[in-house]
Amino acid sequence: CWLEQIAITPAVLPLTSEQQAIDGAMARSAVRLAVQRHAGTLEQMFTPSGAVWVQQGKNLTDVKTVILTGGCFAYGRWDPETFVDLFPVQQGLHLLPVSPHASLDVQYVLAAVGLAADEDRCIAKKLLQRQLLDGVH
């Protein structure tokens, strides 16, 4: 079984179409879960004046780009368009990004950008735009 094989040897790459499909499903689930963990929700609260909706956590609905990083993205056969439909327009009570662009961090520059930001945010932003966001501001 592919899941047992990658549990024993995580660095192994999927070769068959079945392995690639399982790997893709796991990657998509991981991305969705990661973003959900960072996104807030709307919760209904009841006050003496009646019910009101209150935001808990961060509103990520305006996030335009999700950067995918890690071995499965760097070494897999992933097209960023594969992840476009992870965040449907109808979000319900979750404040997830609405149809964000996905960018692949195939050169693992995201960690360097984070470290550079501690020293010089301007340089970090330029590196991020040049390497991951195709110059998008």
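**The strand pair**

Met 45 has Val 52 in S2 as its bridge partner. Likewise, Glu 43 is bridged to Val 54 in S2. Strand S1 covers residues 41–47, and seven bridges join it to S2, the two running antiparallel. Pairing here requires at least two DSSP bridges between two strands. S1 and S2 make a hairpin, with two residues between them. Elements are DSSP runs numbered from the N terminus: helices are H or I with at least four residues, strands are E with at least two.

The model is predicted, so local features need pLDDT of at least 70 and side-chain atom pairs pLDDT 80 or more, while totals for chains, interfaces and linings use all residues. Residues are numbered from 1 along each chain as its sequence is written, and side-chain values use heavy atoms, without hydrogens or water. pLDDT is the predictor's confidence in each residue, from 0 to 100. The protein chain averages 83, and 89% of the residues score at least 70. Where pLDDT is low, the predicted coordinates should not be read in detail.

Next, the helices. H4 (residues 110–119) packs on H5 (residues 121–131) at about 160°, axes 6 Å apart. Axes are lines fitted to C-alpha atoms, for helices over the stretch in contact; angles run from 0 to 180 degrees between N-to-C directions. Which residues of H4 and H5 meet? Leu 110, Val 113, Ala 116, Ala 117 and Glu 119 in H4 meet Arg 121, Ala 124, Leu 127 and Leu 128 in H5, with contact meaning heavy atoms within 4.5 Å.
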